[in-house]
Each structure stands twice: as C-alpha cells, then as structure tokens.
Amino acid sequence: MKVVVDQDKCVSSGQCVLNADEIFDQRDDDGVVILLNDSPPSEQAESARKAAAACPALAIDIEE
Amino acid sequence: MSDTLTPTATEVPDYPMERDGRCPFAPPAQMLEMGEVKPLSRVRIWDGSTPWLITGHAVARELFADARVSVDDRRDGFPHWNEHMLSTVNKRPRSVFTSDAEEHTRFRRMLSKPFTFKRVEGLRPAIQQVTDECIDAILAGPQPADIVTKLALPVPTVVISEMLGVPYEDHEFFQHHANVGLARYASAEDGQKGAMSLAKYLSNLVEAKMANPTEDAVSDLAERVNAGEISVKEAAQLGTGLLIAGHETTANMIGIGVLALLDNPEQAALLRDSDDPQFVANAVEELMRYLSIIQNGQRRVAIEDIEIGGETIRAGEGIIIDLAPANWDAAAYPEPDKLDLTRDAGQQLGFGYGRHQCVGQQLARAELQIVFHTLLRRIPTLKLAVPLDEVPFKHDRLAYGVYELPVTW
C-alpha cells in the first residue's frame with residue numbers, strides 16, 4: 001500500500017490522526033497533515049483506508 | 001417555459017420544516033418522506049426562491065466535497081437563512097464560513113492550531129476536571145438539578161474561554177448575545193444587535209491582545225493582525241465564530257444527548273459499563289448521528305451545473321444540505337430511528353463534511369466523550385424529573401437542544 005497526501009487540499013480536521021496516528025500527524029502551527037509513513041505495513045492498511053475515507057478534504061490517496 | 005414546468009407553491013414544500021413534538025429526536029417527518037422518494041428535491045424558502053434540499057447521505061457527502069459548490073453568500077442564488085443574513089451580507093467581512101478555495105484555506109489554517117488532534121488530546125485532563133467539578137456541584141446541590149445550566153453550558157464554555165483567552169466572567173454577556181444571534185428566525189434588527197455587540201467585544205479583545213499577547217487563540221489572531229495578514233475586523237469575526245460555535249453547539253449536544261441516553265436506558269448502560277475508548281468514541285458519533293442538532297441546513301450555491309442523484313443542479317441555484325435527514329438515511333444507517341451505540345457511525349455528518357467541516361470537531365468529540373461517560377458513571381441512578389413531553393425543546397434555535405433538563409438521582 002502506498003499513501004499520498006495533498007497538503008494544499010488539507011483543512012486540518014485531524015480525522016487522519018484520529019483514525020491512524022501511526023501514519024499521519026499534524027503540523028503544530030496550522031494542523032496541516034504530515035505523512036509519517038508512505039508505505040504502511042499491512043496491519044495498518046485498514047486504519048489508513050479509514051483515514052482516507054474520513055478526510056473531509058479528500059486530501060489522502062491510497063494506492064493498493 | 002409552460003406553466004406546468006414551473007414549480008408552484010402547492011407542490012414545493014416550505015423550508016425549514018418543523019420537528020414533530022411527539023418525536024422530539026427525529027428530523028421533521030416531511031423531510032424524511034421526501035428523502036425516501038429521492039435524495040434531493042426543491043423547497044421554498046422565506047424569500048420565495050426554490051433551492052435544492054439535500055436529504056440523502058451519499059449525495060450530501062458528495063456535494064460537501066465538490067469544488068463546484070460554493071459557500072460564498074454574496075453570489076446570486078445563495079439561499080440565505082433569513083432576512084437579516086441577506087440584508088447584512090455586504091457588511092460582514094469574508095470569513096472562514098463564507099470563503100472558498102485558497103481564501104478559505106488561509107482563514108482555516110489561522111484557526112486550526114488549538115484544534116489539532118494531539119492538542120485536544122492534551123486537554124483531556126482539564127476537560128475531565130471541569131466535568132468532575134460540575135458533577136460534584138450537582139451532587140452537592142438540591143434536586144431536581146438542571147443539567148443544562150449545571151453541566152451542559154459550563155463545561156464547553158469554560159474550555160473554549162480558556163482556549164480563546166476570553167475572560168470566563170464575561171460568559172453571561174457572550175452567551176446572551178450568542179443566543180440572540182442564533183435565533184432561527186431572527187429579525188434583521190435583533191440579529192444585527194446581537195452580532196454587533198459580540199463583534200465589538202471581540203474587536204476590543206483582539207486590540208488588547210495585540211498590545212499584550214498571552215498563550216491563547218485570540219492572541220494568535222492578534223499576532224496575525226500585527227503581521228498585517230488580516231484586519232482587526234476579520235480577526236474579531238473569526239474569534240466570534242469560534243466563541244459561538246465553541247460553546248453553544250457542544251452545550252446543546254450535551255443537553256439533548258443526556259436526554260436521549262435517559263430515554264434509552266439500555267444504551268446508556270452499554271456506555272456506562274464500557275471501558276473501551278473506541279466504544280465510547282463511537283457512541284458519541286452515534287449520538288451525533290441520531291440527534292443531528294444543527295437545524296436550517298448548510299447553505300451553498302452551485303457555481304457550475306452539477307448532475308447528481310438523477311437531477312441537474314444548475315449553476316446559480318441554491319443548495320441546502322440538511323444534516324438530520326442525511327444522518328437518518330436508511331441506505332446509510334438501517335433503522336435510523338434507533339439509537340444504537342454498537343453500530344458503526346463513523347461516517348455520520350453531524351460535523352458536516354468537505355472542507356468546511358467543523359473546525360472544532362476534535363474538541364467537541366473529547367468534551368462529549370468525557371461528559372457523557374463521566375456523568376453516567378458518577379450518577380448511575382440519574383433520571384428525568386419530568387415527563388419527556390414536558391421537556392422544552394429548542395425548535396426555534398439554529399442549534400436544536402433543550403432549554404432545560406431537570407433530573408433527579
């Protein structure tokens with residue numbers, strides 16, 4: 001699995017960290033997404049998918 | 001165009017619609033009936049125009065995330081809430097609520113710092129402490145006690161006041177004006193007065209923090225004014241939004257949420273007995289879904305033609321996405337009229353969706369998770385002190401809820 005984020009689209013909702021804090025973080029100053037791991041292991045795949053589905057700005061793409 | 005193709009007053013229902021007093025938790029019945037037929041249909045609003053009402057969950061989610069859908073309330077065809085909002089549209093500075101695309105992103109990022117997931121996680125001990133103090137006071141006081149004034153209002157008000165750097169002793173002032181501003185059918189004059197007083201209050205606070213900054217969100221905004229990024233007026237507008245949204249919405253959700261739990265004792269027991277933070281978190285999502293307290297719909301206007309749900313929304317046509325029927329769409333949530341804390345409510349739309357989704361959602365989640373769970377645990381015998389049909393509901397406010405909630409234990 002490959003994870004791609006678009007920081008320009010991000011609206012700092014925090015939904016990615018809520019769903020997958022091992023893959024995503026937020027910048028301290030404005031909450032914009034930080035990708036911690038673009039190739040998460042298979043046991044984190046489900047939470048990565050949940051994070052992508054929950055992102056209100058459609059800023060997370062998952063390539064399976 | 002022939003007359004038969006023009007929607008007439010008799011076939012287009014009026015909006016907003018009222019909830020049925022006998023089913024106080026349900027969205028308006030007429031809206032649910034419309035949603036069973038199709039996910040979007042026309043309604044008539046106060047100025048006689050006929051925007052689209054979105055009642056389906058999938059269509060709502062899609063339109064919330066569609067860049068061809070604008071929140072710019074100065075565009076022709078935008079379906080304003082009421083006369084006051086239309087008459088003052090050019091007096092209000094552009095804000096996070098009324099800007100699109102890059103301009104919106106700029107405003108949004110100025111507000112986001114205190115609301116990141118981790119920052120809010122760090123606030124949990126403070127929220128827990130405020131909650132415990134309120135419950136201590138309830139237990140030490142007379143019965144019946146009013147959950148609204150003793151718990152639902154003070155918890156989010158203390159938290160947002162500290163976060164923003166607004167003196168808590170001013171809470172009666174800002175709660176009053178927030179209330180006037182949130183009247184659902186506000187006259188131009190009343191709405192104006194409430195909005196002006198709050199704007200003035202926040203402007204003064206921004207100016208004070210420009211000179212003497214402290215560690216809080218209004219100081220962050222004041223810093224941006226000092227840096228020439230925004231005006232005092234814009235900073236005050238953003239601060240007012242946070243202040244109102246930060247206590248009024250959560251307070252209503254706590255009040256009516258406690259009532260819904262008391263009305264569903266077997267569900268309340270599941271929440272009380274759970275030690276699993278995931279279960280508690282999902283329970284709050286389900287309560288958000290079930291209660292969908294934001295009334296009057298999320299207002300938008302199409303800037304291009306959009307084909308969706310078997311209809312074409314034309315450029316320049318108004319769009320109203322109502323969260324309540326979308327959250328009660330049986331296609332997304334089977335038996336939507338049942339409060340079921342065990343169902344996966346992860347995609348609920350109570351905070352909206354798309355780039356304008358609630359800025360304070362992680363804070364609201366933390367507050368609701370802590371308050372409901374703690375209250376049920378600390379007062380397990382909690383019960384309503386009056387019959388359900390005597391509880392006064394806020395049919396006339398933008399945020400639905402209860403005016404008071406007398407309880408005994």
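Trainee: Which residue stands opposite Val301(B) in S5(B)?
Mentor: Ser70(B) stands opposite Val301(B). Before going on, note that this is a predicted model, in which local features need pLDDT of at least 70 and side-chain atom pairs count only at pLDDT 80 or more, while totals for chains, interfaces and linings use all residues. Residues are numbered from 1 along each chain as its sequence is written, and chains are lettered from A and ligands numbered from 1 in the order in which they are written.

Trainee: How should I read strand pairing, and which strands pair with S5(B)?
Mentor: Strands (E, at least two residues) and helices (H or I, at least four) are DSSP runs, numbered from the N terminus. Two strands pair if DSSP finds at least two bridges between them. Strand S3 of chain B, residues 69-70, pairs with S5(B) in the antiparallel sense over two bridges. S5(B) also runs antiparallel to strand S8 of chain B, residues 318-321, with four bridges joining them. In that pairing Val301(B) faces Gly318(B) of S8(B).

Trainee: Are the faces of S5(B) covered or open?
Mentor: In a regular strand the side chains alternate between the two faces of the sheet. A residue is buried if 20 or more other C-beta atoms lie within 10 Å of its own, exposed if 12 or fewer, and partly exposed in between, with C-beta atoms placed from the backbone. In strand S5 of chain B, residues 298-302, five of five residues are buried. Gln298(B), Arg300(B) and Ala302(B) lie on one side, Arg299(B) and Val301(B) on the other, and both faces are covered.

Trainee: How many residues does each chain bring to the contact between A and B?
Mentor: Two residues are in contact if their C-beta atoms, placed from the backbone, lie within 7 Å. Chain B brings 17 residues and chain A 15 residues. On the chain B side, helices H4 (101-112), H5 (117-140) and H15 (361-378) each supply at least two residues. H4(B) gives the most, with four residues.

Trainee: What does chain A look like in outline?
Mentor: Its sequence follows the pattern β-α-β-β-α-β, with two helices and four strands. The radius of gyration is taken over C-alpha atoms, and the globule rule is 2.2 Å times the number of residues to the power 0.38. For 64 residues a compact globule would have a value near 11 Å, and the 10 Å of chain A agrees. The C-alpha trace spans about 30 × 20 × 15 Å along its principal axes. Buried residues make up 44% of chain A.
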